[in-house]
Amino acid sequence: MSQPCELKLDAETGCINVCGDLTFTTVNNLLVTSRSVFAPIATLDIDLAAVSCSDSAGLALLIDWIRAAKQQNKSILFHNIPAQMLAIAHTSGLDELLPLQ
């Protein structure tokens, strides 16, 4: 069973922390939540260090966030992408699209 996934904005650093499971069962709710969290932020600095489990749906969510950021003329940067998500991205050829630090 998946842990709920949530976004936590660190007011001090401006970093958005993704916490919990980033899977098929959690990404839809996170997509809805992310719209309101991301709206007032000009630079999306997203840390995935607290993601406990991820799958291809999690990767699809990151790709959607990249698309949305481009449409809104925002910059986006991902930190600490889980190894399993990077492996899926590499296998599918999407790793070159991910803005990583």
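Is N73 buried or exposed?

Author: The model is a predicted one. In it, N73 has a relative accessibility of 73%, and because exposed means over 50%, N73 counts as exposed. N73 sits in the loop between α2 and β4, the strand of residues 75-79. Its backbone also deserves attention: phi of N73 is near 55°, a positive value in a residue other than glycine. Most residues other than glycine have a negative phi.

With 46% relative accessibility, however, N80 counts as partly exposed.

The helices beside these loops can now be considered. Two packed helices are described by the angle between their axes and the distance between the axes. For α2 and α3 (residues 83-92), the angle is about 75° and the axes lie 9 Å apart. The two helices are therefore roughly perpendicular. On the α2 side, S56, G58, L59 and L62 take part in the contact, and they meet M85, I88, A89 and S92 of α3. Five residues of this contact are nonpolar, three are polar and none is charged.

The largest contribution to the lining comes from α2, with six residues. This pocket holds about 170 Å³ of space. It is lined by 14 residues, and those closest to its centre are S34, R35, F38, A68 and Q72. By type, the lining comprises seven nonpolar, three polar and four charged residues.

Conventions: Residues numbered from 1 in each chain as written. Predicted model: local features only at pLDDT ≥ 70, side-chain atom pairs only at ≥ 80, totals over all residues. Heavy atoms only, no water. 1 Å grid on protein atoms, 1.4 Å probe; cavity = no way out; pocket = protein on both sides within 12 Å on 5 of 7 lines; lining within 4 Å. Points joined across faces, edges and corners; volume = space filled by probe spheres on them. Helix = DSSP H or I, 4+ residues; strand = E, 2+ residues; numbered from the N terminus. Nonpolar A, V, L, I, M, F, W, Y, C, P; charged D, E, K, R; others polar. Axes fitted to C-alpha atoms, helices over the stretch in contact; angles between N-to-C directions. Parallel < 35°, antiparallel > 145°, perpendicular 65-115°, else oblique. Contact = heavy atoms within 4.5 Å. Buried < 20%, exposed > 50% of the residue type's maximum accessible area, 1.4 Å probe, protein only.
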